[in-house]
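Here is a short briefing on pockets and nonpolar cores. Look at the model first, then read on.

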Amino acid sequence: MILITVGSQKFQFNRLLQEIDSLIEKKIIKDKVFAQIGVSDYKPKNYEYVDFMTQDEFSKKIDECDILITHAGTGVIVNALKNGKKVIAVPRLSKYGEHVDDHQIQLIDEFKELNFIEPAYEVSDIKECLKNISKKKYNKYVSNTDRIIESIKEFIGINR
């Protein structure tokens, strides 16, 4: 299953949802697709969707999916990577009224540089990303949160 998520911010991400509909119509995407569409006003025609999910519902969908196609939100990308999912990240862009600036391009660049994700800088790239993602090997994400917490504890003298 392919999970699409656009986050919970106040901005629409219609062009991503429309592209997925188009790829399903063209039979490029044959897998089952489920989406969390947020405040987007485009309503998918060829796949199931909800506006928002609870954290438990979202975790269940992450468990069920093979591929996550998402906006370039750090939290959702890291969550998917921690769960061993392949990720295609599409930046929300200010020129389309999807965000206030284009910082998501920088986030995608960083994740790409670390070989964690397949970047789709434009929605038209998703078709090629879907081809690449099945053949490509990505680095495994390893959280360093515990190491950071230990360093902070040492710095403030808790472990002494």
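**Pockets and cores**

The lining of the largest pocket has four nonpolar residues, 13 polar and one charged. Here Ala, Val, Leu, Ile, Met, Phe, Trp, Tyr, Cys and Pro count as nonpolar, Asp, Glu, Lys and Arg as charged, and the others, Gly among them, as polar. This is a predicted model: local features need pLDDT of at least 70, side-chain atom pairs count only at pLDDT 80 or more, and totals for chains, interfaces and linings use all residues. Residues are numbered from 1 along each chain as its sequence is written, and side-chain values use heavy atoms, without hydrogens and water.

**Pockets** (on a 1 Å grid over the protein atoms alone, open sets of points where a 1.4 Å probe fits, with protein on both sides within 12 Å along at least five of seven lines; lining residues have an atom within 4 Å of a point)

- The lining of the largest pocket draws most on α3, which gives three residues.
- In the second largest pocket, 13 residues form the lining, and Gly84, Lys85, Tyr138, Asn139 and Lys140 are the closest to its centre.

**Nonpolar cores** (sets of buried Ala, Val, Leu, Ile, Met, Phe, Trp, Tyr and Cys residues joined through side-chain atoms within 4.5 Å; buried means under 20% relative accessible area, with a 1.4 Å probe and protein chains only)

- The largest nonpolar core has 26 residues; Ile4, Leu16, Ile20, Ile69, Ile126 and Leu130 touch the most other members.
- Its largest share, five residues, comes from α1 (helices are DSSP runs of H or I, at least four residues, numbered from the N terminus).
- A second, separate core has 21 residues, including Ile62 and Leu68.

How values were computed
Helices (H or I, at least four residues) and strands (E, at least two) are DSSP runs, numbered from the N terminus. Buried means under 20% relative accessible area, exposed over 50%, partly exposed in between (1.4 Å probe, protein chains only).
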